[in-house]
Amino acid sequence: MSGWIIALIIIALIVVIGVWIIGIYNSLVGMRNRVGNGWSQIDVLLKQRADLIPNLVETVKGYAGHESAVFTQVTQARAGALAAASDPNATLEQRAAAEQQLSNAMVNLRATAEAYPDLKANQNFMNLQDQLRQIEDKIAYARQFYNDVVLKYNNRIMQVPTNIIAGMFHFVPAQYFAADEQSRQVPQVNFTNPGVPQVRF
């Protein structure tokens with residue numbers, strides 16, 4: 001076999017391998033971007049929930065203004081959640097812990113509201129409840145989407161031979177947003193059924 005034929009074969013092999021590497025790399029980039037987009041959707045919804053809380057607190061204050069400790073707890077917990085959300089170095093575990101603190105504060109706010117029947121009939125209060133419920137539904141879907149794309153991405157970078165390319169280009173596993181339900185679900189505030197706690201994160 002002449003030298004130029006051997007050279008062509010070698011060049012063809014290099015091209016094939018190069019195309020294969022580029023294809024896998026682009027696929028991993030696309031999956032990683034989907035993970036980032038999935039988390040962004042959750043993040044936006046969590047912030048929307050946080051934006052509703054001041055209005056909720058002010059509404060409750062109108063009927064239970066002397067419950068200052070509860071309002072302080074909610075305000076501080078909300079500030080902690082927003083601080084964790086704005087910290088680029090915060091992990092999902094840290095975000096979850098901050099959101100759990102906010103959830104606990106919301107439980108206390110709900111317990112306070114239960115003592116005021118007129119508050120539960122307030123139209124503004126009912127509207128806030130509906131908005132929180134809608135956000136909860138959206139977060140439930142966003143969490144499922146995020147964890148699904150994380151699973152696919154993590155499987156992809158761990159499977160042979162894709163793991164070779166993933167290692168070469170430093171693709172790392174993504175974290176699930178799927179700790180215990182108590183700490184991960186967005187709070188659902190239900191003020192229509194006295195005596196039955198309904199706040200979850």
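## Leu-128 and its contacts

Leaving out residues up to four places away in sequence, Leu-128 touches Leu-52, Asn-55, Leu-56 and Thr-59, where contact means heavy atoms within 4.5 Å. Leu-128 belongs to helix 5; helices (H or I, at least four residues) and strands (E, at least two) are DSSP runs, numbered from the N terminus. With a relative accessible area of 4%, Leu-128 is buried. Buried stands for under 20% relative accessible area, exposed for over 50%, and partly exposed for what lies in between (1.4 Å probe, protein chains only). Leu-128 and Leu-56 are 72 residues apart along the chain, and their C-alpha atoms are separated by 6.7 Å.

## Basis of the model

This is a predicted model, in which local features need pLDDT of at least 70 and side-chain atom pairs count only at pLDDT 80 or more, while totals for chains, interfaces and linings use all residues. Residues are numbered from 1 along each chain as its sequence is written, and side-chain values use heavy atoms, with hydrogens and water left out.

## Overall composition

The protein has 7 helices and 0 strands, in the order α-α-α-α-α-α-α along the sequence. Of its 201 residues, 39% count as buried. Among contacts between residues at least 6 apart in sequence, 75% join residues at least 24 apart.

## Helix 1 against helix 5

Two packed helices are described by the angle between their axes and the distance between the axes. Helix 1 (residues 3-64) packs with helix 5 (residues 123-158) at an angle of about 160°, and the axes are 9 Å apart. Axes are lines fitted to C-alpha atoms, for helices over the stretch in contact, and angles run from 0 to 180 degrees between N-to-C directions. Helix 1 is therefore roughly antiparallel to helix 5. In this scheme, angles under 35 degrees count as roughly parallel, over 145 as roughly antiparallel, 65 to 115 as roughly perpendicular and the rest as oblique.

The crossing of helix 1 with helix 5 is left-handed, a term used if the near helix is turned anticlockwise from the far one by less than a right angle, with right-handed used if clockwise. The residues of this contact comprise 23 nonpolar, 9 polar and 7 charged. Ala, Val, Leu, Ile, Met, Phe, Trp, Tyr, Cys and Pro count as nonpolar, Asp, Glu, Lys and Arg as charged, and the others, Gly among them, as polar.

## Helix 2 and its partners

The axes of helix 1 and helix 2 are 11 Å apart, with a packing angle of about 165°. These two helices are therefore roughly antiparallel to each other, and helix 1 passes helix 2 in a left-handed crossing. From helix 1 the contact includes Asp-43, Lys-47, Ala-50 and Pro-54, and from helix 2 it is made by Phe-71, Val-74, Arg-78, Leu-82 and Ala-85. By class, the residues of the contact of helix 1 with helix 2 are 10 nonpolar, no polar and 5 charged.

Helix 2 and helix 3 have axes that come within 8 Å and cross at roughly 160°, which means that helix 2 is roughly antiparallel to helix 3. Helix 2 passes helix 3 in a left-handed crossing. Among the residues that meet are Val-70, Phe-71 and Ala-77 in helix 2, and Ala-98, Leu-102 and Leu-109 in helix 3. The contact of helix 2 with helix 3 divides into 12 nonpolar, 6 polar and 3 charged residues.

## The largest nonpolar core

In soluble globular proteins, nonpolar side chains tend to be buried together. The largest nonpolar core here holds 43 residues, of which Leu-109 and Tyr-146 touch the most other members. Such a core is a set of buried Ala, Val, Leu, Ile, Met, Phe, Trp, Tyr and Cys residues joined through side-chain atoms within 4.5 Å. Two or more residues of this core come from each of helix 1, helix 2 (68-86), helix 3 (92-114), helix 5 and helix 6 (162-168). Helix 1 gives the largest share, 14 residues.

Leu-46, in helix 1, is buried at 4% relative accessibility.

## Backbone features in the loops

A cis peptide bond, with omega about 0°, joins Val-160 and Pro-161. Pro-161 lies in the loop between helix 5 and helix 6. His-170 is in the loop between helix 6 and helix 7 (181-184). Phi of His-170 is near 60°, a positive value in a residue other than glycine, and His-170 is exposed, with a relative accessible area of 64%.
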